[in-house]
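Subject: Structure for your review

Dear colleague,

Here is the structure I said I would pass on. My notes on what I found in it follow below.

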Amino acid sequence: MRPLHLPRAVCQRPWRLPPCRFLTSTQRRALSSGEKETTNTQQRLNALTPKWEPFWNNEWSGLPQFKENAKEKAYILPMFPYPSGTLHLGHLRVYTISDVLARFKQMQGYRVLHPIGWDAFGLPAENAAIERGVHPATWTLQNIDAMKEQMKLMGGQWSWDRELRTCDPAFYKHTQRLFLMLFERGLAYQAESMVNWDPVDETVLANEQVDANGYSWRSGAKVEKKMLKQWFLKIKEFQKPLLEDLDALAKDGMWPDRVLAMQKNWIGRSEGTKLSFDIEMDGADQTPLESLQVYTTRADTLFGVMYIALSLNHPLVRRLAERSEPLQDFLNQAKDFPPDSKEGFLLPGVRAKNPIASLVDDEDISDTLPVFVAPYVLDDYGSGAVMGVPGHDTRDFAFWQQPKTSSSGSVKLDTPVKYVIHADPPSTSSEAIVHTTKDQPTLDKGFLASKDARFHGLPSDEAIEKIIHQLQQAGKFAERTENWRLRDWLISRQRYWGCPIPIIHCSDCGPVPVHESALPVELPDLPASFFQGQKGNPLADDKNFKNCTCPMCKKPAERETDTMDTFMDSSWYFFRFLDARNEIELVNPGIANAGMPVDIYVGGVEHAILHLLYARFISKFLATTSVWPEGSKALGEPFKRLITQGMVHGKTYSDPTTGRFLRPEEMDLSQPSTPLIKGTNIVPKISYEKMSKSKYNGVDPGATIAKYGADVTRAHMLFQAPVSDVLEWDEEKITGVQRWLVRVLRLSKAKWFPVSKHDLGAFRPPHDLDISVITLLRYLHKQDKLHTAPKLFPPEEAFFNALHPDEMVLLAIVHETIVSVTKAYTETYSLNTVISDLMTLTNAVADTPHRSALTPWFKWYAMVHLLRMAAPIAPGVAEEAWQTLISSTNVYFRKDGTHPLRSSLNTDTHPGPSVFTFGFPRADGDAIPKLKPTRTCVVQVNGKRKFQVDIRKVPVDVRDSDQPSMRMHALEELLKTEEGRRYLDKEGGVIWRESETKEADELYPEVPKGWTVLAVKRCGLVNFIAPKKRKEPKEAKEVKGDQGKDGEERWVEVSRPRRKHLEGWGSRPTQGKGQKKERNKK
Ligand SMILES: [Zn+2]
């Protein structure tokens, strides 16, 4: 314990100052405007996080740790970083969001786990090693240390005791165990696969490492395609639940729609039809040809098929290539084509037959179709063959437009594109099927056009059914089927800096898993010099690593030298955080049951597909094992709620004429509002773009934190944009939140309380800060601070009525803010609106005029709530302000050890309990309508309900029995409303039109002479009664109005004499003929 010493002045100031220093006008002015931010302010703000951190760490030992079988857990996790060595603003944004949510949950009483670790394997470390001769481990650990220091500055509260690094053998031992579990289940297998091969570096490259022209990003070599034996994980085995469980994640917006759509698209289930096309071949080759199977989602376009295209590795292509040199040449070149190439080669002498041609009476359907080999056809989609329908498919259309290669040179296809599906039902079968003028395909389903009357005009879906039926009837192959885009996960990497695959290859036994007791298979500790200029896979070159004995037959064998894709590490690390020091298991099953799934997962949308899909797959797999026994309860889904944050874009200057990006030193920023290019009068173009070295628009979060402090940086980051939007980082705008936080600090120092010991005693805050408003008012009443009528046993309403409207507004804003901020922290995650709501509340505290002795008390109370709501965002400022605020109460003064605002340890010079120990404020939703300065007023004319409007409440000092004041208030307020004016306006108001006289009433000129105005239930009901016409009316009952519980509205059912009694309450006698008579009688 190392309690922090507060400067004595701060603690003692409240009772040293002269009395009656509630907000004076000078003070208010100082608070509300013209706060000139000085370097001093910045210095003060940026000192707060370091000032309070030791207090949080020592006195209050951080977030409570989360234990097995915890009832209310909240596992908040940001995607763990790759240790690049520098923390950028994107990191800061993720960690700010997760830290804010973790602190909020902690204040709400959850047991929070908010861990951080390092996705520490990967290519950049290895490349640094190759370039600089530094060991990848050294490079990685240096980077982790550097980033950790930067992270500590941002004021995050992390469960550091669970920190993990995926490159630690203690971690990757379990990654290997996971691999073996998959292997034993038959979910890890080896197969030949086409890879990107860099012939210079002798290594496999990921797709992202090959540029658009097919060159290696590093060596610059032309990348080759090569068949290599690779390790795969059978993610396809889980494709159905991976797809179907997206529905559960969609519920209540738990996952963003965009991510769900991307996952769905990646898994890519489509319903379609398998069809088969017979082939004919010219020449002497009499080997029977198998018909070509194609898969299509649009069998309704079969009438419009113009060609067949095969993938480069289709068996028929391979066979033909054996005796066609031009074809072989084409195939060799095709390896270098960009992925979206629309090149094609016409297979010589091969034709395909449209299976429907012979079954329909429509000569427009080509009976024989050219067959191409085309790189745009994927080997593994369908069966490596597609039917080409240029009229109704974008890629087919593009393919058809391009000249093609053939054995005899280039060929141009001049047949016009056929369109067979029409948006509207075609009228006659003679309506043109072939259109030559269109310059694009039509993709939507519609109606089939054909000369065959049986098919003509069929909607697409019916056409599909009919086509399948007809083909099957004729004994041809046609089958409804589904197709998945998802491919098994290739995890092999021929690199050093990854988790070794724990397999031993034995010439007799095949691939044999490394025995449990021999795990981890550790990376050999090669000398740093080994890496410099190294080509290929260092593991494959290290005989000590590679040569081993077979665990089964004990004969010499070879260790697998591939390492795992780093996505494998991140597919399960969130399990490990729950039980990070467990040596024998990935995670204890009881702890996995208690801790999974992650409640809130925060990260960049760039991980919307691969990482999240792999993590979902591995979790679903673990849910079928003893690792996560109760995983099926959560459908094996690892992340309950996913928050994807947008990127951070930097302010970018460029030359308006050349478009060249400008370096900071080329800019004249002496006048921030009008930047110029140095030495010229040229105004640069300003844009916000992804931060990159080439655009000179990067921002160092460390520098920003050093300058403004962690709290201001965090708040600015959250305030500038909704969490999921791009954040345009503009440092000039930071003064907005800076001013707000300064104001919060100043308000916490305002002299809310009277200073004499005697008075102070009377302002004792309640023990429970979150009591309901009515309980608070009763408490103040009991302390003789709130005066109600009647004094004894006042009804609930009397307590509210005893407040000045401005005080009511302040209390209402407090509770409305709690409602909206809690909602934003728990449901919408619109953290930018949290800040704007808190700014509004801050202004309300500052601007509410001093209306009674209670006003400052309510302001103090509003601050108690405000600081607790701001604490997750700006912990340093909130703690500083909190300590000042609570030190200004009498509990501090009295050394009252029993009051919760005062910990048993603190003395005058020690801080009180942390703001974080008081929990998050609870809203009193019931009180909000009662605190409104307005009330609903129902307006009747002659007892008939006409409309209702909100009007200002009757001032507290007007007694219920004071009818004239009630009436005046009602008329005044109603005239402020549009509805009221519709009735009361002298020129054409309903009441005036109905009236016989245009003469205004003497006392109430708003109504015509002779009308009676009744205002009851403190203007909850206002009735305008027309003067009786001519004859003395009967003892007619008045129309019923709302009957109040308290009997206040007995008037609504009064008969004549009763009404007279009411008039006697203060309404002036009416001037109507009959009444006059009656009055005269009186
Ligand atoms: Zn063996």
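This is a predicted model: local features need pLDDT of at least 70, side-chain atom pairs count only at pLDDT 80 or more; totals for chains, interfaces and linings use all residues.

Phe121 and Trp497 are both buried. Phe121 and Trp497 form an edge-to-face aromatic pair, 5.0 Å centre to centre with 80° between the planes. Phe121 sits in the loop between β3 (117-118) and α5 (123-132), and Trp497 in the loop between β20 (492-493) and β21 (499-500), so the pair ties together parts that are 376 residues apart in sequence.

A second pair has another geometry. The ring centres of Trp489 and Tyr614 are 3.7 Å apart and the planes are at 5°, so this pair is stacked; the cut-off for stacking is under 30 degrees. Trp489 belongs to strand β19 (residues 489-490) and Tyr614 to helix α21 (residues 610-622), so that distant parts of the chain, 125 residues apart, are linked. Both Trp489 and Tyr614 are buried.

Searching the whole structure gives 39 aromatic pairs. Ring pairs also join Phe80, Tyr573, Phe574, Phe575, Phe577, Tyr601, Trp628 and Phe639 into a cluster.

Next, the overall figures. The protein has 1082 residues, of which 54% are buried. Its secondary structure consists of 38 helices and 37 strands. Of the contacts between residues at least 6 apart in sequence, 72% join residues at least 24 apart.

I also looked at one helix pair. Two packed helices are described by the angle between their axes and the distance between those axes. Helix α24 (residues 735-749) packs with helix α30 (residues 855-870) at an angle of about 140°, and their axes are 11 Å apart. That makes α24 oblique to α30, since roughly antiparallel would need an angle over 145 degrees. The crossing of α24 and α30 is left-handed. On the α24 side the contact involves Trp740, Val744, Leu747 and Ser748, which meet Met863, Leu866, Leu867 and Ala870 of α30. By class, the contact of α24 with α30 has seven nonpolar residues, one polar residue and no charged ones.

Some backbone details may be worth a look when you go through the model. A cis peptide bond joins Leu519 and Pro520, with omega about -5°. Pro520 is in the loop between β23 (510-513) and α15 (528-531). Another cis peptide bond joins Met596 and Pro597, where omega is about -5°. Pro597 lies in the loop between α20 (589-595) and β27 (598-604).

Two residues have positive phi without being glycine. Asp784 has a phi of about 65° although it is not a glycine, and its place is the loop between α26 (773-782) and α27 (796-801). With 48% relative accessibility, Asp784 counts as partly exposed, because the exposed class begins over 50%. For Asn942, also a residue other than glycine, phi is near 50°. Asn942 lies in the loop between β34 (934-941) and β35 (944-952). The relative accessible area of Asn942 is 36%, so Asn942 is partly exposed.

Regards

Key: Residues are numbered from 1 along each chain as its sequence is written. Side-chain values use heavy atoms; hydrogens and water are left out. Axes are lines fitted to C-alpha atoms, for helices over the stretch in contact, and angles run from 0 to 180 degrees between N-to-C directions. Helices (H or I, at least four residues) and strands (E, at least two) are DSSP runs, numbered from the N terminus. Angles under 35 degrees count as roughly parallel, over 145 as roughly antiparallel, 65 to 115 as roughly perpendicular and the rest as oblique. A crossing is left-handed if the near helix is turned anticlockwise from the far one by less than a right angle, and right-handed if clockwise. Contact means heavy atoms within 4.5 Å. Ala, Val, Leu, Ile, Met, Phe, Trp, Tyr, Cys and Pro count as nonpolar, Asp, Glu, Lys and Arg as charged, and the others, Gly among them, as polar. Buried means under 20% relative accessible area, exposed over 50%, partly exposed in between (1.4 Å probe, protein chains only). Rings of Phe, Tyr and Trp (its six-membered ring) pair if their centres lie within 6.5 Å; planes under 30 degrees apart count as stacked, over 60 as edge-to-face and the rest as tilted.
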